Amino acid sequence: MTFEPAPTSDETTVGAPPSPVEPPATEATRPSAPSRAGILVGAVALIAVLAGTTLFFAGFSLGRQVALTPGTPTGDAEAFQPFWDTYAAIIDRYAGGEVDRRSLVEGAIKGMIGALGDPYSQYMTSEEFKASLQGISGQFEGIGATIGTVDGTGAVSACTTLGADCRLAIVAPLTGSPAESAGLLAGDVIDAIDGASLIGLTVDEARGKVRGPKDTTVVLRIQRGLADPFDVSIVRAVIVQPEVETRDLANGDVGYIKLAGFSDRAAEEFDAAVAAAVESGQEALIVDLRGNPGGFVTAARDIASQFLSEGTVFWQEDADGNLTETVVEPGGAATDPSIRLVVLVDGGSASASEIVAAALHDRGRATLVGTKTFGKGTVQQWTQLEDDNGGFRLTTAKWLTPDKAWIHRVGIEPDVLVTEAPARPGDDPAIDAALRALGEEPAASLARRAA
């Protein structure tokens, strides 16, 4: 399986990414930290195409467990000597109190990865690691809200450490969630969690504090516009995030499928929705990937394969420049080119969403409508450390479009740019533009919902 970390729930993402391609399951190959540190890297490896920043785009691939040889490699002994000298000095001579060796090890790993200066590589505690995997699965325990970050003016920001110019904000509460029931709104800024300031925390750390076991309560300090801050108490629950929504548009002539994530369940539901649309005789489809942070890479391949009969979905380039091709899975329900296709994208479309959009666009299968996508083109390997010592994600490769373009920090430009705001509640200029691209009247977007 593969999954990815863009907006993530209070619980996703990015991504989760962090973190989505269908690269072959990758095994961890670097030596683990010395056994003296008590953390043999045993390793469940996951590959994430995107470990989002503000919005968590997550897509990764689950590899088999691999036992790694502990100990400092002979060739690195000199480079590691200062580390071991420091560790030994703390263990032998520190007089400021009892030394927690586990905390030392976690701090060392966190510092090593942090020194890379890569927002997509990160150490996670055991709880954070498990929560990240749980969120990407489409089911989690929390308040049920998509979370992102904004700057001091309220504009969406790609920051990773919270402060005056990097604030945690609600992107949207999920329908029927505790967050929606508590009255949280898109744009609400979270200033504190259970009375504690968020300044200095990473987005993942803050998200971990919002999450928690079902039936427990979290108190969020909310800043809404220019109003005075106020507290909201929310009882957490098990959240099953709806990932596929269908409608009939243009009096039933056009099928609309909105995909909110890329879990295995979402891929199965999406495939069924496409098959049902084709069986009903619809010869035009709109696939909505707006705000979709990504998910499992295998799901991205399967979803793209619904519309492509053969060929490349994406490429992966490793640190040595080696290219690996991921190709279409045969048997898609809508591969007939007479079935016209429009894909809706925006700045929240990331990782697996970009893989699908690029594959369908590069192969001439779909017209892209909306605004430029997020732009996440690196691959993260997720490794779980033994003995419940948490885990980390590490950038190990790039993913490329079928045309071998790297869209990292660039994004994908739509064929039809739509920037206008809705004129009235219920309007959707992007859907109207998609209908025009399919030769339909925009007024037909007042469609009936599919059962």
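Which strand is V171 found in? V171 is found in β8, which spans residues 167-173.

## About the model

This is a predicted model, where local features need pLDDT of at least 70, side-chain atom pairs count only at pLDDT 80 or more, and totals for chains, interfaces and linings use all residues. Residues are numbered from 1 along each chain as its sequence is written, and side-chain values use heavy atoms, with hydrogens and water left out.

Helices (H or I, at least four residues) and strands (E, at least two) are DSSP runs, numbered from the N terminus.

V171 is partly exposed, with a relative accessible area of 34%; here buried means under 20%, exposed over 50%, and partly exposed in between, using a 1.4 Å probe and protein chains only. The C-alpha atoms of V171 and T146 are separated by 5.2 Å, although the two are 25 residues apart along the chain.

N389 sits in the loop between β21 (378-384) and β22. With a relative accessible area of 5%, N389 is buried. Its side chain reaches the backbone oxygen of E386 at 2.9 Å.

## Helix α2

Let's turn to a helix.

Buried residues in α2 are V105, E106, I109 and I113. They lie on the same side of α2 because they cover an arc of only 95° around the axis, the arc being that of the directions from the helix axis to the C-beta atoms. The cover over these buried residues includes β5 (122-124) and β22 (391-400). At the start of α2, a side-chain oxygen of D100 comes to within 3.0 Å of the backbone nitrogen of R102.

The structure holds five aromatic pairs. Rings of Phe, Tyr and Trp (its six-membered ring) pair if their centres lie within 6.5 Å; planes under 30 degrees apart count as stacked, over 60 as edge-to-face and the rest as tilted. One of the pairs is W84 with Y87, edge-to-face at 5.7 Å centre to centre and 85° between the planes. Both lie in helix α1 (residues 77-93), three residues apart, about one turn of the helix.

Terms used: Contact = heavy atoms within 4.5 Å. Polar contact = N/O pair within 3.5 Å; in protein donor to acceptor, adjacent residues only side chain to side chain.
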